[in-house]
Amino acid sequence: MAAQHRHRRPRSVRTLPAGPAGSTAWAALVLAGAATTTTLGGGAAQAEPKPTVDGVKAEVDRLHRQAEEAAEAHHAAGDRARTAERRLEGLRDRAARTTAEANKARRTLGAVATAQYRSGTGSSVLRLALSESPEQYLRHAAAAEQAGARQAHVLGQLQSRLREVRQLRAEAAKRTAEVQEARRTAREHRRSAETKLARAQRLLDRLTAEQRARVLDAPAPTRGDRSEPRPDLGTPPPAAGRAAQAISYARGALGKPYVWGATGPNSFDCSGLTQAAWRSAGVSLPRTTYTQVNAGRRISRDQLAPGDLVFFYSGLTHVGLYVGNGQMIHAPRPGTPVRYAPITEMPFNTAVRVA
């Protein structure tokens with residue numbers, strides 16, 4: 001028995017099966033041991049690598065573009081919801097008016113029916129035979145026939161109004177579903193934009209102030225056109241009329257912060273700035289880049305003149321106001337205020353002449 005105990009394999013050692021499966025198990029065990037040793041022997045191997053400025057810039061740029069795309073989709077969904085709500089309100093007003101007309105027709109028919117019930121009905125031939133004045137009876141009969149025709153007309157109106165009410169209610173239910181869907185879509189895009197902006201901010205928070213300025217392309221230090229470094233605009237064709245007013249407004253916004261969804265006067269996003277600038281000139285632009293691109297005549301890049309809208313990226317997710325000599329004023333992104341920038345700063349898509 002003592003010999004048997006001396007040759008017994010210790011319980012703490014597991015026997016791995018032979019063959020390929022056993023080799024795999026041994027490899028996994030060795031790798032796990034190596035990982036444990038690395039973790040215990042030197043925590044630096046598990047430490048998160050310090051981000052490079054260039055790496056953070058590339059990722060922040062990507063997140064900001066995606067957030068801007070989600071923001072424009074949010075604004076578009078909000079526009080759809082508001083349009084559907086206006087239509088729904090109009091349908092409800094029409095349904096209320098039509099219901100009132102139907103109720104009026106019901107009351108008219110009810111009064112006629114009550115009068116007929118009280119007077120009773122009999123054989124018109126017998127009443128003619130017993131009448132002392134057949135001529136007078138015939139006159140009354142003709143009047144009754146006309147009253148019957150009017151009654152039939154009122155009945156037809158009632159039936160028509162009831163059909164219209166049913167149709168209006170069905171369309172209102174459809175519009176209600178459209179409003180709910182548009183609102184849901186807007187909320188989803190807003191959450192997406194906020195999530196991406198938060199991720200970008202967490203990356204920026206890991207940098208120094210100087211590094212953040214580099215990532216965000218050195219935002220302007222102060223507000224206002226006088227203190228804002230103005231690029232050489234050369235001698236572009238002078239803007240006149242409404243275009244000049246839109247540019248003047250945009251220059252007054254220089255240095256003001258980018259804020260998601262803002263349309264001024266103290267902060268802006270990209271399409272909010274162009275909308276506000278042209279609104280100051282008496283021109284009503286739609287809210288989003290997707291709709292502003294259809295608010296005027298498309299022009300080529302070599303036709304650009306001050307006041308034109310310039311759009312960027314394949315998805316038309318960014319817009320600026322052209323001011324001449326290859327420069328625009330735009331609201332770039334969070335952390336970077338309204339400023340001048342060359343239109344070569346982003347992938348150019350198209351341009352639109354508003355007025």
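## Leucine 203 and its contacts

Leucine 203 touches Val56, Glu59, Val60 and Leu63, leaving out residues up to four places away in sequence. The model is a predicted one. Leucine 203 sits in helix 5, which covers residues 134-205. Its relative accessibility is 19%, so leucine 203 counts as buried, the cut-off being under 20%.

Lysine 57 lies 146 residues away from leucine 203 along the chain.

## The protein as a whole

The protein has nine helices and six strands. It has 355 residues, and 34% of them count as buried. Take the contacts in the protein with a separation of 6 or more: residues 24 or more positions apart account for 69% of them.

## Strand 2 and its two partners

Strand 2 runs over residues 309-312. Is each of its faces covered or open? Both are covered. Leu309 and Phe311 are buried on one side, and Val310 and Phe312 are buried on the other. In a regular strand, side chains alternate between the two faces of the sheet.

Strand 2 pairs with strand 3, residues 318-324, in the antiparallel sense. Four bridges join strand 2 and strand 3. Leucine 309 has leucine 321 as its bridge partner in strand 3. The two strands form a hairpin, with five residues between them. In the turn, tyrosine 313 has a positive phi of about 70°. Strand 2 also pairs with strand 6, residues 348-353. This pairing is antiparallel too, over four bridges. Here phenylalanine 311 stands opposite threonine 350.

## Threonine 289

Phe311 of strand 2 is also among the contacts of threonine 289. Threonine 289 lies in helix 9, residues 289-292. At 0% relative accessibility, threonine 289 counts as buried. Neighbours within four places in sequence aside, threonine 289 is in contact with Glu72, Cys270, Ser271, Phe311, Leu316, Thr317, His318 and Val319.

Helix 7 has 12 residues, 241-252. At 1.5 Å a residue, helix 7 should span 16 Å. Its end C-alpha atoms are 17 Å apart, which agrees.

Which residues of helix 7 are buried? They include Ala243, Ala246, Ile247 and Ala250. Seen down the axis, the buried residues of helix 7 fall within an arc of 95°, so they line one face of the helix. An α-helix has 3.6 residues a turn, so residues three or four places apart point the same way. Helix 8 (270-280), strand 3 and strand 4 (327-330) are among the elements that cover the buried residues of helix 7.

Alanine 240 is in the loop between helix 6 (209-215) and helix 7. Is alanine 240 buried or exposed? With a relative accessible area of 56%, alanine 240 is exposed, since exposed means over 50%. Alanine 240 and proline 306 are 66 residues apart in sequence. Their C-alpha atoms are 8.8 Å apart in space.

## The second largest pocket

The second largest pocket holds about 290 Å³ of space. How many residues line the second largest pocket? The lining has 17 residues. Asp61, Asp217, Tyr313, Arg333 and Met346 lie nearest the centre of the pocket. Tyrosine 313 is also the turn residue with the positive phi. Helix 3, residues 53-119, gives the largest share of the lining, five residues.

Technical notes:
Residues numbered from 1 in each chain as written. Predicted model: local features only at pLDDT ≥ 70, side-chain atom pairs only at ≥ 80, totals over all residues. Heavy atoms only, no water. Buried < 20%, exposed > 50% of the residue type's maximum accessible area, 1.4 Å probe, protein only. Pairing = 2+ DSSP bridges. Expected span 1.5 Å × (residues − 1). Arc of directions from axis to C-beta. Contact = heavy atoms within 4.5 Å. 1 Å grid on protein atoms, 1.4 Å probe; cavity = no way out; pocket = protein on both sides within 12 Å on 5 of 7 lines; lining within 4 Å. Points joined across faces, edges and corners; volume = space filled by probe spheres on them.
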